[in-house]
Amino acid sequence: MMKQKFSALFLTAAIILTIFSGCSGNNNKPSSPVNNNSSEGTVSSESQTGTKGSIKIGISSEFSNLVPLSNNLALSNRDGMTIFALYDTLLWFDTKTFTLKSWVAKEWTVSDDGLTYTLILRDDVVFHNGEKLTAEDAAFTLNLLPENPIISTQNFPGFESAEAIDEYTVVIHMSAPFSAMGNALASYHVPLLSKAYYDEVGWEGYQAHPIGSGPYKFISYTPGSNLKMEANDSYWNGAPAIKNVEVRILPDANAQIISLETAEIDVLFNPSIQNVTKLDGNDEISWDSTDSLLTTLMNYGSKSPLWTDPNLRKAMASAVNIDAIKENINLGYTKSATIMLAPGTIGRPDDEDLPDKFPSDPEAVQK
């Protein structure tokens, strides 16, 4: 299992972060939100500035879903950029300090047994259609989780239900404690949806024209081509600095680089490390790398009775040469995570408390 380290552009702070965060002077809010479950890697031309009226961003593949929880599709990390632009989350994960911060939920408490979360919401958050966001919307969103087993079992184990206690208080009930629940509430898996809008238009209408309470409003989406958004001037955390955003879908790796070099796009989001290293020496394009809280792991079918043998599982673990993968495939831009929770994730055990690793050992495999 490896912790991914993604390429990131010279102008990430100047351009990307201003897109997804407001510009208010509220010092109690993080000024540059970064999704704790996605990578924010980008490549960009140094000739661009964060004060322009529009920006074009290239991504490598189609979005999985612009309305999370509206069906059984799982989101991918490329979706996080857009999800955080269109929607708000209850909490925010600050990747600079590796701490959870208030967001739409201005206060939250957890019971001693870890089975009850009580969240007090802000009263000034408004959906793009002008309706106020309330605890009813938060409970509605959270209660969609059991209908999506891919997300609920992997990212919210133990979640049972949510209820609105009053207009701005929502309580989450757990069947079992989950130490990383705070991270989950800050993830792109549960952006806050409008119950009233869903009741009015259904999922088909919601998917045709998504609304959230985020810093950007949906304008149009052409599958396979582009997504267009515009700044939400009424955003509770301050209007974004960049007015118009177009996300272009560029599946061909060579076309991505050419589009960047010819200024057809300003930013290339999360390109492959193999491609960005080819840009070394180009004075007009810069890139850097940043750690992500995303992990990639190899899964094997678990229904076979063979997998009940711990020696077989140890042998398979010893057969994987993680160091070779890190250095030869990912060019040194990954780290071993050992377990599913990446270093920095709230609730992750200290390294000394983790089980013994299984380094590559061909002889052990044969035994």
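One definition before the first example: helices here are DSSP runs of H or I with at least four residues, and they are numbered from the N terminus. Please also keep in mind that this is a predicted model.

With that, take helix α6, which covers residues 195-208. Lys195 and Asp199 both sit in that helix, 4 residues apart, so about one helical turn separates them. Their side chains meet in a salt bridge, with N to O at 2.9 Å. Lys195 has a relative accessibility of 25%, so it counts as partly exposed. The general point is simple: side chains of opposite charge can pair when their charged atoms come close.

How many salt bridges does the structure hold? The count is 6. I will show two others from that set.

The next one joins the side chains of Asp233 and Lys243, at 3.2 Å from N to O. Both residues lie in the loop between β11 (226-231) and β12 (244-249), and the pair therefore ties together parts that are 10 residues apart in sequence. Are these two partners buried or exposed? Asp233 is exposed, at 52% relative accessible area. The cut-off for that label is over 50%, and Lys243, at 35%, is partly exposed.

Then there is Glu246 with Arg248, a salt bridge in which the closest N and O atoms are 3.1 Å apart. Glu246 has 13% relative accessibility and counts as buried. Arg248 is partly exposed, with a relative accessible area of 24%.

Now the rings. The structure holds 10 aromatic pairs. One of them is Phe84 with Trp92, an edge-to-face pair with 4.8 Å between the centres and 70° between the planes. Phe84 is buried at 7% relative accessible area, and Trp92 also counts as buried, at 4% relative accessibility.

How are the rings of Trp92 and Trp103 arranged? Their centres are 4.9 Å apart and their planes meet at 35°, so this pair is tilted. It links distant parts of the chain, 11 residues apart: Trp92 belongs to strand β4 (residues 91-94), while Trp103 is in the loop between β5 (99-102) and β6 (105-110). Trp103 is buried, with a relative accessible area of 1%.

Next, a polar residue. Asn65 is in the loop between β3 (54-59) and α2 (77-86). Its relative accessibility is 6%, so Asn65 counts as buried. Which side chains does the side chain of Asn65 make polar contacts with? One is the side chain of Ser70, at 3.4 Å, and another is the side chain of Asn71, at 3.1 Å. Setting aside neighbours within four places in sequence, Asn65 is in contact with Ser70, Asn71, Leu75, Asp79, Ile83 and Gln207.

Met340 lies in the loop between β15 (334-336) and α11 (362-366). At 47% relative accessibility, Met340 counts as partly exposed. The C-alpha atoms of Met340 and Leu297 are separated by 7.5 Å, although the two residues are 43 apart along the chain.

Finally, the chain as a whole. The secondary structure comes to 11 helices and 15 strands. The protein chain has 367 residues, and 48% of them count as buried. Among contacts with a separation of 6 or more, 67% are between residues 24 or more positions apart. The accessible surface is about 16800 Å², and carbon and sulfur atoms account for 50% of that.

To recap the examples: Lys195 and Asp199 form a salt bridge, Asp233 and Lys243 form another, and Glu246 forms one with Arg248. Phe84 and Trp92 pair edge-to-face, and Asn65 is a buried residue with polar contacts to Ser70 and Asn71. That is the end of the tour.

Conventions. Residues numbered from 1 in each chain as written. Predicted model: local features only at pLDDT ≥ 70, side-chain atom pairs only at ≥ 80, totals over all residues. Heavy atoms only, no water. Salt bridge = Lys/Arg side-chain N within 4 Å of Asp/Glu carboxyl O. Helix = DSSP H or I, 4+ residues; strand = E, 2+ residues; numbered from the N terminus. Buried < 20%, exposed > 50% of the residue type's maximum accessible area, 1.4 Å probe, protein only. Phe/Tyr/Trp six-rings, centres within 6.5 Å; stacked < 30°, edge-to-face > 60°. Contact = heavy atoms within 4.5 Å. Areas by Shrake-Rupley, 256 points an atom, 1.4 Å probe, with all protein chains shown as cover. Polar contact = N/O pair within 3.5 Å; in protein donor to acceptor, adjacent residues only side chain to side chain.
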